[in-house]
Protein chains: 2
Amino acid sequence: MKDPFENRTKPYYKTHSLHPENQETPIHFIRSWITPTEYFYRRNHFPYPDLTSNSFLLQINGEIKDEMVFPYRYIKSLPAKEVTMVLECSGNKRSRFEPEVYGEQWEDGAVSQGIWKGVPLHKLLEAAGLKSTAVEVVFEGLDYGERTDFNGVFRYARSLPVEKAMHPDTIIAYQLNNKPIPYRHGFPLRLVVPQWYAMASVKWLNRITVIDHEFKGPFQTVDYVYYPNKDDDSGKKPVTTINVDSIIQKPTEYSILDKGLHEIYGIAWAGKGVIEEVELSFDKGLTWVNAELYRDKREPYSWVFWKYRWDIKQSGEYTIMSRARDSAGSMQPSKAEWNRKGYGYNAVYTAEVKVE
Amino acid sequence: MKDPFENRTKPYYKTHSLHPENQETPIHFIRSWITPTEYFYRRNHFPYPDLTSNSFLLQINGEIKDEMVFPYRYIKSLPAKEVTMVLECSGNKRSRFEPEVYGEQWEDGAVSQGIWKGVPLHKLLEAAGLKSTAVEVVFEGLDYGERTDFNGVFRYARSLPVEKAMHPDTIIAYQLNNKPIPYRHGFPLRLVVPQWYAMASVKWLNRITVIDHEFKGPFQTVDYVYYPNKDDDSGKKPVTTINVDSIIQKPTEYSILDKGLHEIYGIAWAGKGVIEEVELSFDKGLTWVNAELYRDKREPYSWVFWKYRWDIKQSGEYTIMSRARDSAGSMQPSKAEWNRKGYGYNAVYTAEVKVE
């Protein structure tokens, strides 16, 4: 059988909304180490900003000794660093929560891996001279718009604690996958924060303000907060580090398979530490086997590929499960921690399949 | 706020599998009367066939007076007919069944509307001279491959009862949306059967055989059969006519909305008869209001657009429901008839939304 379209049939984003643009990577159908830029997931709060000349200047102000403005060209001339890392929307897999939660119903593809190149943020902050009163660093993008919950117009803005801002791998990036960052992903400059969910990696970065208190913007204290209860805010805590997670890329859920040998494969990633182990179960979690891992040890923030050859001789219905364990001591839980806004889903991955 | 990408942000297919290619139309984001060909859903059982010269000849044999071979060019020279119609995979919305069923997890987009142009099949059958022994007409495509349930290689083949085959609107099509049918959709010739689910509309049509008995091919008697029970085949019946159905295109499920006026809109379609009414409920089915319908009365096989202006002043969680009623006396049920292979899902459509 020769399929003349075999090499021309390609996967597509899954569309969640167009204005603002929210489209997810067809993660089950992309098996490359780096997510090709044209498949990098797109997640926006607002319309794409109209870039004006001032967007090519990055301001730093607040609790610093010297207010500074860095032109784009100057930033590109500084010693640079490359970081290969997973960028994951904290709402990834939101559609899997039970009971269901409101918001974009992301499936498995609000996650991508890219090579980001830029200048370590701490170099710029050191040039500006952090004052000892500094508590947090606020990052503002050029995107703005309305919210459903408050009146007025808001700019997208987020903060980091000084310690995370000063981390040597927190960078002001100007390249994604060896090209200028595409407009949709934050051109000309994007804050890129390894290990944290992607709400921290502010696109179209325009202004950095060092403050002596905790930042209270709505994307910091209303959104991107875990609320464990449906009707009150008790027990809330901010969304920060990526949870240890994995997916089975193939077979896809509710597939029908032949008897015989099947290559089961997927990816796994973590915010703290690195992936140490991915285990699979074919009997609803009774017994587990280890998948083979493929990783780039030089890149601690990257995902790992995993693979397993499943030789299934008996027809019937099977639940295939994957669970990852990281070097920081976390393992995917059997049930995700429900929270009202649906962040951080990372339960053991399951795919039901039928063998006939 | 001016979004420079506003007119360039486009929706994409949702990918279910690449080999064979199964990708669904982003139906919630396409608001055109005719589905643009580049968004027409793609559903295949096998690899795309390698077209050879014989594919440009259509054979008719079996219970006829004269075996005939019609060249593609000759078919194009005959008096033609245009049919604007809904083509829907019988597995559309399969992912909504509870309990879940195996097979491609189609969401709402295994349905598209096109303008098909071709020659009424009955003209060709009359030219060949149907014998009085004719019971069914079998249609074979050029696509073939393996199945998970039986050994061997199978060609895709389906039959119609003579009466449906002789219906004046059952056509051998060579154009879709005013252009030659694209390869992925059946070039050069496709059987197009209005009112029936799309498994009947055989692509890459190569051979027509009139038979004096019921056809027993696996795509006729194993697949595309409603099996109401999980573990035995009792009560089975073949999949034929499209069930009355509707979707809410906007708002999408689990959206968060502002208070105020919202345009709720969607589509509705039916196999038997035409859509007479689309009703909406905002209170879980307690009360219903009529949506405004927009249709082309000259096209009985086409879907209708519907629209409603919802002015919501009270924040809270709402279930928006849509249900369509057709002129043949059917209405969408509150629960779809579960069947083992997941065909014909058409329960009242629901979208949960939160107003804040």
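Trainee: A:Ser17 stands opposite A:Asn22 in E2(A). What makes E1(A) and strand E2 (residues 22–24) of chain A a pair?

Mentor: DSSP must find at least two bridges between two strands for them to pair. E1(A) and E2(A) have three bridges, in the antiparallel sense, so they pass. Strands (E, at least two residues) and helices (H or I, at least four) are DSSP runs, numbered from the N terminus. Before we go on, this is a predicted model, where local features need pLDDT of at least 70, side-chain atom pairs count only at pLDDT 80 or more, and totals for chains, interfaces and linings use all residues. Residues are numbered from 1 along each chain as its sequence is written, while chains are lettered from A and ligands numbered from 1 in the order in which they are written.

Trainee: Why are E1 and strand E3 (42–43) of chain A said to stand at the edges?

Mentor: The open sheet of three strands has the order E1-E2-E3 (chain A), with antiparallel pairing. E1 and E3 of chain A each have a single partner strand, so one side of each is left without a neighbour in the sheet.

Trainee: And which strands are the edges of the open sheet of five strands in chain A?

Mentor: Its order is E17-E24-E23-E19-E20 (chain A), with mixed pairing. Strand E17 (255–257) and strand E20 (289–290) each have a single partner strand, so they stand at the edges. Inside this order, strand E19 (residues 275–281) and strand E23 (residues 316–326) of chain A pair in the antiparallel sense over six bridges. In E23(A), A:Arg323 is the bridge partner of A:Glu279.

Trainee: How do you know that E18(B) pairs with strand E22 (residues 304–312) of chain B?

Mentor: Nine bridges join these two antiparallel strands, and B:Tyr265 stands opposite B:Lys307 in E22(B). Strand E18 (residues 260–269) of chain B also runs antiparallel to strand E16 (residues 245–250) of chain B, with five bridges. There, B:Asp245 has B:Trp269 in E18(B) as its bridge partner.

Trainee: Is B:Arg42 buried or exposed?

Mentor: Count the other C-beta atoms, placed from the backbone, within 10 Å of its own: 20 or more is buried, 12 or fewer is exposed, and anything in between is partly exposed. B:Arg42 has 23, so it is buried. This residue lies in strand E3 (residues 42–43) of chain B. Leaving aside residues up to four places away in sequence, B:Arg42 touches B:Glu21, B:Asn22, B:Gln23 and B:Arg184; contact here requires C-beta atoms, placed from the backbone, within 7 Å.

Trainee: What makes A:Glu337 partly exposed?

Mentor: A:Glu337 has 14 other C-beta atoms within 10 Å, so it is partly exposed. A:Glu337 sits in the loop between E23 and strand E24 (349–355) of chain A.

Trainee: What puts the buried residues of H2(A) on the same side?

Mentor: In helix H2 (residues 121–128) of chain A, A:Leu121, A:Leu124, A:Leu125 and A:Ala128 are buried. The arc, taken from the directions from the helix axis to the C-beta atoms, is only 95 degrees, which puts them on the same side. Their cover includes strand E4 (57–62), strand E7 (111–120) and helix H3 (162–165) of chain A. Just after H2(A), A:Gly129 takes a positive phi of about 85 degrees.

Terms used
Contact = placed C-beta atoms within 7 Å.
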